[in-house]
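Please keep the sequence and the model in view while reading the numbered points.

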Amino acid sequence: MKTVSENRAFGGIQGVYSHTSDTCHCDMTFAVYMPPQARSGPVPCLWYLSGLTCTHENAMTKAGLQAHAAEAGIAIVFPDTSPRGEGVADDEAYDLGQGAGFYVNATETPWKAHFQMETYIASELRDLVTEKFAVSVHHGITGHSMGGHGALTLAMKYPGHFQSLSAFAPIANPSASDWGRKQLGAYLGGDENSWAAHDASILLKETGWSGDILIDQGADDQFYDLLKPTSLVTALVDTKTSHQYRLQQGYDHSYYFVSSFARDHVIWHAERLKSRP
């Protein structure tokens, strides 16, 4: 692991790091915020997964999470959204290829050589973070848009990895949306049965989530129809999953929306992670 930069922030350290990924077969960049409390021992860890076109940097600089993490005493990890670099497959469209990994393990050419983001987040980067940083065994996960999709699906697929869960305007039913069908078809092939494991509205009914979930959705989100939030609400109710679904009037899909409710999510995770023995 190489240190790209480290800056003091709210008494802690906001760092950016790179490493060669054995999973994605390329160099990957990620960011970690360590709160001041980490100087006294391991702290809980919150993973923030970003959306389409983003890198590790978008949420790191726009969401204002560091101040809330310092207050709550938890670390925050900001992974990239896809493999990158020379030789990594890409597409001219913004919603496929680099910047649009969708947090799946691709099985189709040309994507499968590098696009193994599910294993990268759930295993390789997790192992690296727990080895190199003073974080405890208690991890939560959240994300925005495509990252909200990733947070929901990875939490349900790896319940032992994540003990708390939230999302900002997640792509909630990708197998029924233009933000999903194109990408799942490209990465996983035409068998739609294989897509279900990456669709939160379906996965919730098949796998479930034992904890509670906090979801914020802007009522004026310009991508509301693509996100399919009603499918997720129906699944939450049908499965009797404990949740807070908050439709925020006047808010759109931007980081102004995310930053407006970021503190609520950080405190939500901190309360659940710190209460564990």
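1. The largest cavity is lined by P170, A172, I215, Q217, P229, L232 and Y245. Two elements each give two or more residues to this lining, namely β8 (213-218) and α8 (229-238). Here helices (H or I, at least four residues) and strands (E, at least two) are DSSP runs, numbered from the N terminus. A cavity is a set of points, on a 1 Å grid over the protein atoms alone, where a 1.4 Å probe fits but cannot get out, and lining residues have an atom within 4 Å of a point.

2. This is a predicted model, in which local features need pLDDT of at least 70 and side-chain atom pairs count only at pLDDT 80 or more, whereas totals for chains, interfaces and linings use all residues. Residues are numbered from 1 along each chain as its sequence is written, and side-chain values use heavy atoms, with hydrogens and water left out.

3. How many cavities of 30 Å³ or more are there? The count is 1, and the largest cavity has a volume of about 30 Å³. A volume is the space filled by probe spheres set on the grid points, which are joined across faces, edges and corners. The lining of the largest cavity comprises 6 nonpolar residues, 1 polar residue and no charged residues. Ala, Val, Leu, Ile, Met, Phe, Trp, Tyr, Cys and Pro count as nonpolar, Asp, Glu, Lys and Arg as charged, and the others, Gly among them, as polar.

4. The largest pocket has a volume of about 280 Å³. Of the 15 residues lining the largest pocket, L52, T53, H144, F223 and H253 are the closest to its centre. A pocket is an open set of points with protein on both sides within 12 Å along at least five of seven lines. By class, the lining of the largest pocket has 6 nonpolar, 8 polar and 1 charged.

5. In the contact between two helices, L65, H68, A69, E71 and A72 of α2 meet A262, R263, V266, I267, A270 and K274 of α9 (contact means heavy atoms within 4.5 Å). The residues of this contact of α2 with α9 divide into 7 nonpolar, 1 polar and 3 charged.

6. Two backbone details also deserve attention. The peptide bond from T109 to P110 is cis, with omega near 5°; P110 lies in the loop between β5 (75-78) and α3 (117-132). F10, in the loop between β1 (2-9) and β2 (12-21), has phi near 50°, a positive value in a residue other than glycine.
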